[in-house]
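Thanks for coming. I have one structure to go through today, so please look at the sequence and the model while I talk.

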Amino acid sequence: MFWHMTGLSTASPVETILDKDNFTLDELLDEDEIIQECKALNGRLISYLREISQVKQLLQYIVQEAPEGASKERILKFPFIACEIFTCEVDIILKALVDDEELMDLLFSFLDPERSHSSQLAGYFSKVVVCLLLRKTTPLMNYIQGHQDIIKKLVDLIGITSIMEVLIRLIGADVHIYGNSGDSMQWLEEMDILDMIVDKFSSSDGPEVHANAAGTLCTITRWAPPTLAAKISSPSFIARLFRHALEESRPKTVLVNLLLVCISLLDPKRLTSGIYYMYNRQTSNGPGTTANPETVKSMLDSLGDLLKLLNVSSEEHTLLTSYGKLQPPLGKRRLKIIEFVSVLVAVSNEAAEKALIRLGALERILELFFQYPYNNLLHKHVEHIIISCLESKNHQFVDHLLHKCNLVAKILDSEKNFTLSANENKCSQPTVAAEGKFPHRIGNIGYLTRIANKLIQLGNSDCEVQKFLQENSDWVDWQTNVLLKRNALENVSQWACGRPTTLQDRTRDSDDDDYQDRDYDVAALANNLSQAFKYGIYSNDAIAEGDSSLERDDEDVYFDDESAEVVISSLRLGDNQDSGGGSLFTNSNWFEFEDESIDNASSSPVAEEYMDVDRRTNDDVEKDEADGAVSKLGSESNKTPEWVEWRESSDSLEPPPVFVDAFQTAPSSPIHNSEFFEYEAKSDDFEPDSAGTTNVDEGRR
């Protein structure tokens with residue numbers, strides 16, 4: 001039951017089981033409310049679960065696979081419930097575990113090589129160990145220090161993501177552990193754990209092992225203790241990384257993942273993909289320091305070998321695409337090398353800039369930019385490289401980009417030849433258009449536009465760059481006739497679509513209430529909306545229950561001032577769009593017609609024939625309003641008045657003749673709100689035909 005009644009109490013199913021003379025742990029684990037009772041610190045339950053025999057059986061469910069033919073509960077439910085009991089963080093249960101060495105041996109026996117390591121049980125094991133790391137840090141670390149083979153077993157199973165999480169927290173990626181028990185973890189810094197992890201790249205393990213090993217190293221570069229961080233950035237360690245990465249016999253995934261580690265060393269604040277991403281949200285160490293010059297210098301020794309891998313002429317692999325074919329495709333390895341170069345350029349290290357110029361790295365990367373016009377990941381990295389070069393304080397770097405790399409000429413050439421070539425004989429063009437199809441437009445024009453705008457921006461502050469651009473007549477012509485028009489066309493802040501107030505209020509904060517600056521009477525709008533929604537909101541059944549159901553207190557209205565402000569802010573009508581006929585947001589009453597309109601409506605012969613309107617004086621109207629006559633919809637019929645639709649008919653853009661005549665020719669007479677709705681309900685029962693007469697049976701407009 002979800003409710004509680006005085007004098008009626010239902011015993012917990014867990015208490016019912018505990019009241020038995022003979023019950024088993026399985027009976028408790030099969031009860032759905034056991035986790036809630038643990039979190040509620042049920043004394044009898046916790047006293048039972050803290051017993052050594054019960055803790056041992058809970059651990060067996062977590063670390064041991066279920067025997068063949070076991071029940072579904074034994075395979076799935078009992079291990080899950082056992083894990084949840086430990087992660088409820090009941091101190092007395094956790095203390096019973098860490099104080100008993102045999103129980104700890106049973107827990108870490110899951111890491112033994114002869115055991116099967118399913119992802120399900122690995123996840124439960126990881127949750128229990130992490131819970132102990134957070135709540136019982138010192139006892140756990142003392143146990144691991146006495147059994148240091150546990151670290152090697154964790155490294156051996158690093159391909160399992162849950163085990164990798166435990167290893168990362170042990171190394172020190174979790175600031176809470178080091179903050180509470182840093183002294184007990186100093187011995188970890190003296191171990192050769194980094195060498196153990198790097199050795200996984202030379203093994204015959206699969207790509208998931210390489211990816212998790214790289215993820216662990218990336219985490220160390222960001223959040224590990226100073227001793228481990230200094231060791232991983234040392235020249236000898238980096239040389240060892242590149243030795244594994246450039247080994248020809250190793251899979252390509254080794255190079256890709258090790259370059260991730262190098263990128264993390266150069267730019268600690270850069271967030272690349274990986275399981276370690278979660279830990280940056282748990283730590284408070286702040287942004288990492290800039291790249292160590294010694295670290296950068298040690299990476300430059302292998303830069304030439306990396307750039308050789310960018311050559312695509314020696315490969316014969318072909319990939320078919322929707323726009324043609326790639327022969328060969330760019331691949332992850334080349335893309336990761338270019339990303340590494342982009343980070344290396346952004347470091348603004350003088351030695352790195354000289355090495356890039358000497359090795360011709362920018363020239364080769366620019367060629368790939370134009371050879372693969374549909375690889376947006378490549379374009380993003382190349383744009384970052386070019387912008388970093390242009391913003392560099394090293395004028396030699398900028399001159400190399402403009403003169404040696406011939407950036408401007410390549411931009412102009414791509415603008416002239418903006419379609420994909422179908423010539424397979426061109427060795428310099430790995431991307432070939434499909435045969436028999438109209439060639440596609442190249443996909444890097446947007447990046448070229450942004451690079452060109454950056455060149456112009458740099459020319460405004462650098463006279464040498466401006467002089468170089470102005471001396472190129474083709475560039476000046478393209479900038480005047482193409483680039484300026486394209487920038488104007490693609491300037492979204494100048495688009496006259498979307499909300500009408502976009503242009504006028506472009507500098508306004510999005511949280512500002514711009515309707516407060518307009519000439520809107522919010523109180524009048526609230527009154528109009530309240531009266532409008534008072535009609536047609538109730539069904540016939542509600543009307544039959546009594547007229548009093550339509551009367552509402554002032555505090556129970558549908559639209560108050562705040563609601564009206566919300567409606568105004570959502571519609572956002574511009575000031576300059578208000579023309580002659582007024583606005584819904586002006587100070588007016590929607591249910592009072594002007595005298596001229598009423599005069600026209602009263603003189604219509606059609607209205608005199610079909611409108612049953614009592615001629616009332618203003619005094620009568622005021623008296624009816626005072627007596628609450630606005631809530632009475634007529635005495636001749638109990639039919640519910642219909643809501644007035646303030647929109648055009650779907651059949652015609654012009655309103656029906658009966659309404660045109662009624663509102664233009666009727667004699668002057670004030671019409672009460674309720675009478676207008678009564679007329680609307682009646683007039684909806686007929687529709688004028690083409691001859692000018694009315695057809696009552698043709699249905700609603």
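This is a predicted model: local features need pLDDT of at least 70, side-chain atom pairs count only at pLDDT 80 or more; totals for chains, interfaces and linings use all residues.

**Aromatic pairs, salt bridges and packing**

There are nine aromatic pairs in the structure. In one of them, tyrosine 61 and phenylalanine 78 have ring centres 5.6 Å apart and planes at 45 degrees, so the pair is tilted. Tyrosine 61 and phenylalanine 78 are both buried. Phenylalanine 369 and phenylalanine 370 make an edge-to-face pair, at 5.0 Å centre to centre and with 85 degrees between the planes. Phenylalanine 369 is buried at 1% relative accessibility, and phenylalanine 370 is buried at 18%. The cut-off here is under 20% relative accessible area, so phenylalanine 370 with its 18% still counts as buried. There is also an aromatic cluster, made up of Phe108, Phe110, Phe125 and Tyr143.

All the values I quote are computed from it.

Next, the chain as a whole. The protein chain has 701 residues, and 45% of them count as buried. Its secondary structure comes to 38 helices and five strands. Take the contacts between residues at least 6 apart in sequence: 72% of these join residues at least 24 apart. The chain exposes about 37700 Å², of which carbon and sulfur atoms supply 49%.

On to the nonpolar core. As background, nonpolar side chains in soluble globular proteins tend to be buried together. In this model, the largest nonpolar core has 160 residues. Which of its residues touch the most other members? They are Phe108, Leu217 and Phe340. Phe108 is also one of the residues in the aromatic cluster I mentioned. For phenylalanine 340, I leave aside the neighbours within four places in sequence. The contacts of phenylalanine 340 are then Phe242, Leu259, Cys262, Ile263, Leu266, Met299, Leu303 and Leu306.

Now the salt bridges. The structure holds 25 of them. In one, lysine 77 pairs with aspartate 30, and the closest N and O atoms are 3.2 Å apart. That bridge links distant parts of the chain, with lysine 77 in helix H6, residues 72-87, and aspartate 30 in the loop between helix H2 (25-29) and helix H3 (34-39), 47 residues apart. Both ends are partly exposed: lysine 77 has 23% relative accessibility, and aspartate 30 has 40%.

Helix H6 also supplies glutamate 84. The side chain of glutamate 84 meets that of lysine 127 in a salt bridge, 3.0 Å from N to O. Lysine 127 is in helix H9, residues 119-135, and the two residues are 43 apart, so this is another link between distant parts of the chain.

A network of salt bridges links Asp195, Asp199, Lys231 and Arg240.

Let me finish with helix H11, which covers residues 149-156. Aspartate 149 forms a salt bridge with lysine 153, with the closest N and O atoms 3.6 Å apart. In general, an α-helix has 3.6 residues a turn, so residues three or four places apart point the same way. Aspartate 149 is partly exposed, at 40% relative accessibility.

Which residues of H11 are buried? They are Ile150, Ile151, Leu154 and Val155. These cover an arc of only 140 degrees around the axis, so they lie on the same side of H11. They pack against five helices by name: H8 (101-108), H10 (137-146), H12 (161-171), H14 (186-189) and H15 (193-199).

One last item is glutamate 247, in the loop between helix H18 (235-245) and helix H19 (252-266). Glutamate 247 is partly exposed, at 35% relative accessibility. From glutamate 247 to serine 202 the C-alpha atoms are 9.3 Å apart in space, and the residues are 45 apart in sequence.

That is what I have; I can take questions now.

Definitions and conventions:
Residues are numbered from 1 along each chain as its sequence is written. Side-chain values use heavy atoms; hydrogens and water are left out. Buried means under 20% relative accessible area, exposed over 50%, partly exposed in between (1.4 Å probe, protein chains only). Helices (H or I, at least four residues) and strands (E, at least two) are DSSP runs, numbered from the N terminus. The arc is that of the directions from the helix axis to the C-beta atoms. Contact means heavy atoms within 4.5 Å. A salt bridge is a side-chain nitrogen of Lys or Arg within 4 Å of a carboxyl oxygen of Asp or Glu. A nonpolar core is a set of buried Ala, Val, Leu, Ile, Met, Phe, Trp, Tyr and Cys residues joined through side-chain atoms within 4.5 Å. Accessible areas come from the Shrake-Rupley method with a 1.4 Å probe; for residues, only the protein chains shown count as cover. Rings of Phe, Tyr and Trp (its six-membered ring) pair if their centres lie within 6.5 Å; planes under 30 degrees apart count as stacked, over 60 as edge-to-face and the rest as tilted.
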